[in-house]
Amino acid sequence: MLIKKPSDIKPSEITPESVYKNRREFMLDGSKLLLGAAATSALPSVANAQNGDSLKARAPAAMRRSPPAAWWANKFQDIKPAPDSEPFFTGESLTPYEDVTIYNNFYEFGMDKSDPATRSGEFKTDPWSVEITGEVSKPGTYHLEDILKPVDLEERIYRLRCVEAWSMVIPWIGFPLADLIRQFEPTSKAKFVEFETIIDADTMPGIRSRTAIVSWPYREGLRMDEAMNPLTFMAVGLYGSYLPSQNGAPMRLVVPWKYGFKSIKSIVKINFRETQPNTTWNDLQANEYGFYANVNPAVHHPRWRQDMERRLPQTLFSRRVIETRLFNGYGEHVAHMYDDMDLAQYY
Ligand SMILES: Nc1nc2c(c(=O)[nH]1)N[C@H]1C(S)=C(S)[C@@H](COP(=O)(O)O)O[C@H]1N2
Ligand SMILES: [Mo]
């Protein structure tokens, strides 16, 4: 996001024609994607999935993904479907599976939108452990299986708004971050939570790249009340099945009222601290990317309009540009956390 001047932004990021073309290219060259032929051939049924469909009705193609390890299959047998009211559901139509899993930002795999899908085939998500450190009574290194044991999986349909002015509607599978945090019993000194993404140079070509702009690991953070908010979600799946690598497998954060860069992927470390952590994009360019990063049409960004967004998918025939809402439309549930803050100063 950072180093691209407007003149560097690829047409694929701004024109509906190119978005459409990229999708066609993918469909014709599905072999490059490790999704496999089965998933590709079943895409149309998923692309037509509607918000009101049952979880199973949405899932057929995604369901053909094989689990990262055997124990995942059990965990995914019992998923509570999304309710039919806000904020855990939205009446807007879903962004098709193919767009959600091909148009990605995951710089560890490269900077082009299609890189995460085409270059993550070697990425290993099992075994996976998460290190819990800092202000908690139960620090340690935990297997993901053990972290997931006590949590109940549910589906949530959320809007995702990237600071680059595009947005999607995604049916996630996961559990509230609060359910994970409580397991480790934070102390009264825990005022912030810091997250880190894995660094695996062997399987992440973006990390080996000499032109990478991020100093790894990718880091993000939340204030404790934000982390405990019922909307803050840890996703381990989407469209009824296991999370594809390009979307942050095996476990990634989803904070629907903040710009997408807060929703850190493939988490291996969670640190509880008294002070506000440094975060990747804020370190790189503080005037463009704040720590809070609440979606806010009134806070200007030097390179992308923040009062409008392109809702994906777009085709040659429909360029869906809609108004961006304060807190991405979730204000009723989150605005109270910022009552005494100037949102223009703490952007
Ligand atoms: N580790 C890591 N997490 C990341 C990113 C990244 O480059 N690396 N990109 C962020 C950005 S800018 C966005 S918009 C979302 C995109 O999530 P998606 O590809 O699942 O739609 O992931 C976020 N999480
Ligand atoms: Mo983003």
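A polar contact is a pair of N or O atoms within 3.5 Å; within protein, one atom must be able to donate a hydrogen and the other to accept it, and residues adjacent in sequence count only if both atoms are side-chain atoms. The model described here is predicted, so that local features need pLDDT of at least 70 and side-chain atom pairs count only at pLDDT 80 or more, while totals for chains, interfaces and linings use all residues. Residues are numbered from 1 along each chain as its sequence is written, chains are lettered from A and ligands numbered from 1 in the order in which they are written, and side-chain values use heavy atoms, with hydrogens and water left out.

The ligand site is treated first. Ligand 1 is surrounded by 18 residues, the closest being Asn-104, Tyr-107, Glu-108, Thr-197 and Lys-265; a residue is counted as near when one of its heavy atoms lies within 4 Å. By class, the shell around ligand 1 consists of nine nonpolar, six polar and three charged residues. In this division Ala, Val, Leu, Ile, Met, Phe, Trp, Tyr, Cys and Pro count as nonpolar, Asp, Glu, Lys and Arg as charged, and the others, Gly among them, as polar.

Polar contacts to ligand 1 involve both backbone and side-chain atoms of the protein. A polar backbone atom of Tyr-107 is 2.8 Å from an oxygen atom of ligand 1. Thr-197 places a polar side-chain atom 2.9 Å from a nitrogen atom of ligand 1, and a polar side-chain atom of Arg-252 lies 2.9 Å from an oxygen atom of the ligand. Ligand 1 taken alone exposes 530 Å², of which the protein buries 99%; accessible areas come from the Shrake-Rupley method with a 1.4 Å probe, and for residues only the protein chains shown count as cover.

The largest cavity is the space taken by ligand 1. A cavity is a set of points, on a 1 Å grid over the protein atoms alone, where a 1.4 Å probe fits but cannot get out. A molecule sits in a cavity if more than half of its atoms lie within 2 Å of its grid points.

Two residues of the loop between α7 (97-100) and α8 (115-119) were examined, namely Phe-106 and Asn-104. Helices (H or I, at least four residues) and strands (E, at least two) are DSSP runs, numbered from the N terminus. Asn-104 counts as buried because its relative accessibility is 4%, the term buried meaning under 20% relative accessible area, exposed over 50%, and partly exposed in between (1.4 Å probe, protein chains only). The side chain of Asn-104 reaches the backbone nitrogen of Ile-102 at 3.4 Å. Phe-106 is likewise buried, its relative accessible area being 3%. The C-alpha atoms of Phe-106 and Ser-266 lie 9.8 Å apart in space, although 160 residues separate the two in sequence.

Further loop residues include Thr-203, which is found between β5 and α11. With a relative accessible area of 11%, Thr-203 is buried. Its C-alpha atom is separated by 7.0 Å from that of Ser-120, 83 residues away along the chain. Glu-164 is placed in the loop between β3 (154-161) and β4 (166-176) and is also buried, at 6% relative accessibility. The side chains of Glu-164 and Trp-166 are joined by a polar contact of 2.8 Å. Pro-139, in the loop between β1 (129-134) and β2 (140-143), is partly exposed because its relative accessible area is 47%.

Cis peptide bonds, with omega about 0°, join Asp-126 to Pro-127 and Trp-216 to Pro-217. Pro-127 is in the loop between α8 and β1, whereas Pro-217 is in the loop between α11 (205-208) and β6 (219-223).

Positive phi values occur in two residues other than glycine, Glu-185 and Ala-293. For Glu-185, phi is near 50°; this residue lies in the loop between α10 (177-183) and β5 (192-197) and is partly exposed, with a relative accessible area of 36%. Ala-293 has a phi of about 50° and is found in the loop between α13 (280-284) and β11 (308-311). At 3% relative accessibility, Ala-293 is buried.

Conventions. On a 1 Å grid over the protein atoms alone, a cavity is a set of points where a 1.4 Å probe fits but cannot get out, and a pocket is an open set with protein on both sides within 12 Å along at least five of seven lines; lining residues have an atom within 4 Å of a point.
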